[in-house]
Amino acid sequence: MIRASFLAVVLLTLVAWAAPAVAEATPPRPVATDSRLAGDEQRTRLVIDLTTSTSIKAFTLADPYRVIIDLPEVAFRLPEVAGRQGRGLVSAYRFGVFAPGRSRIVVDVTRPVAIDKAFVLDAVDGQPARIVLDLTPSDRKTFLQSVAAQGPETTGATPPQAKLAEKTDLPVVVIDPGHGGVDPGAAGPNGASEKDIVLAFAKQLKAKIEASGRRKAVLTRDDDTFISLPGRVKVARDNAAALMISIHADTLTDPFGVRGATIYTLSSKASDKEAERLADKENKADLIAGVDLSDEPEEVAGILFDLTRRETTSFTAQFAKMLVRDLKQAAKLNKNPLRSAGFRVLKAPDVPSVLLELGYLSSKEDAKLLMSDAWRDQATDAISSAIDRYFETRIAGSTPGRVN
């Protein structure tokens with residue numbers, strides 16, 4: 001009996017010793033602490049300091065010319081201004097989470113380039129581990145050949161698996177916080193970024209939608225991860241969404257006092273120049289994140305598709321008007337609050353969808369409100385109220401479909 005007890009103690013001791021060993025075997029996630037550019041038009045070097053070494057894969061994408069560095073997930077703790085100023089062959093660079101467990105650095109270049117070197121230096125003699133990228137000038141023909149030689153598996157164009165809500169008979173509202181990960185969106189004051197502002201707003205709106213127990217809300221992203229535009233539409237369609245709201249907060253180079261929330265719907269022709277500019281900007285989100293869109297399939301065509309689209313357009317217009325009405329009670333609206341343009345994220349043919357610009361980060365007044373808890377509470381209340389009225393109208397009209 002004593003011997004059995006002794007053996008049990010020995011086994012427990014060995015387990016206790018082994019547990020820390022297993023935990024220590026998992027390498028810590030690298031942290032990027034600093035970055036810098038050096039060189040000129042003949043050779044440009046990008047260096048990024050890391051707390052621990054990692055693996056990287058560098059490749060090129062065309063139209064626009066970009067160099068992509070893929071690596072395991074990294075915590076980027078770089079200075080606020082990192083990547084905004086270019087030098088030599090590099091005009092700018094950005095960084096962030098590209099997919100779960102995967103990070104990406106996107107380097108915008110001024111002309112076709114060749115990747116002369118791309119490697120990681122281990123930490124040594126008190127110096128941190130470093131990512132080193134050396135670029136030299138090239139020509140378009142050679143650049144395109146290098147892109148073609150990489151093959152489609154390097155582009156990251158495949159959208160992630162759509163987030164599916166638990167099976168429910170409740171109508172589903174998909175809330176799409178714009179940008180995320182390697183695509184930060186617009187920059188606000190004091191280091192604020194669009195991707196963080198709209199994610200906080202979306203999470204609060206989700207909670208209010210679900211508070212009544214009458215509807216289910218699904219976020220296209222619930223953390224700082226990049227989701228492609230087709231991936232966002234896929235979340236809405238795979239969840240058989242009855243409504244989709246894409247949330248953004250834009251900025252203008254020359255704002256001239258322009259401010260206020262705006263609701264955008266889909267149309268083949270933009271309602272005005274500002275709507276056209278914004279649609280063009282938002283439709284480039286995948287390019288910003290270094291996704292190759294050359295193999296993106298064409299729109300589905302056919303009579304049934306057209307009939308579904310017409311019905312969806314009608315419901316979208318109905319909700320957009322309700323949203324304007326309710327939101328103006330709680331938030332400052334743009335002088336022209338209802339607009340339309342060809343936004344790719346609104347192109348689900350069977351899901352009524354709107355894009356809501358909460359305001360302009362280039363406006364001091366709007367930026368202050370967008371980062372205010374009190375304003376966010378009022379605005380999400382108003383949007384939730386508009387959603388309630390929309391579904392009540394649909395049900396009262398005995399409209400066939402998933403919302404009944």
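**Reading contacts, cores and strands**

Guide: In this predicted model, Thr-54 is in contact with Pro-30, Leu-71, Pro-72 and Val-120, once its neighbours within four places in sequence are left aside.

Visitor: Where is Thr-54 found, and is Thr-54 buried or exposed?

Guide: Thr-54 is found in the loop that runs between β2 (44-50) and β3 (57-61). With a relative accessible area of 16%, Thr-54 counts as buried, because the cut-off for that word is under 20%.

Visitor: How should I read a nonpolar core, and which residues of the largest one touch the most other members?

Guide: In soluble globular proteins, nonpolar side chains tend to be buried together. Here the largest nonpolar core has 43 residues, and those touching the most other members are Ile-175, Ile-245, Ile-247, Phe-319, Leu-327, Ile-383 and Ile-387. Helix α9 (residues 373-396) supplies the largest share of this core, with 8 residues. Another core, of 28 residues, lies apart from it and includes Ala-62, Leu-71, Phe-76 and Val-113.

Visitor: Which residues does Ile-383 touch, not counting those up to four places away in sequence?

Guide: Ile-383 touches Phe-201, Leu-205, Ile-245, Leu-323, Leu-327 and Leu-356 on that count.

Visitor: In what order do the 5 strands of the open sheet lie, and which are the edge strands?

Guide: The order is β5-β1-β2-β9-β8, with mixed pairing, and the edge strands, each of which pairs on one side only, are β5 (75-76) and β8 (113-121). Within this sheet, β2 and β9 (residues 129-137) pair in the antiparallel sense over 7 bridges, and Val-47 has Val-132 in β9 as its bridge partner.

Conventions. Residues are numbered from 1 along each chain as its sequence is written. This is a predicted model: local features need pLDDT of at least 70, side-chain atom pairs count only at pLDDT 80 or more; totals for chains, interfaces and linings use all residues. Side-chain values use heavy atoms; hydrogens and water are left out. Helices (H or I, at least four residues) and strands (E, at least two) are DSSP runs, numbered from the N terminus. Buried means under 20% relative accessible area, exposed over 50%, partly exposed in between (1.4 Å probe, protein chains only). Contact means heavy atoms within 4.5 Å. A nonpolar core is a set of buried Ala, Val, Leu, Ile, Met, Phe, Trp, Tyr and Cys residues joined through side-chain atoms within 4.5 Å. Two strands pair if DSSP finds at least two bridges between them.
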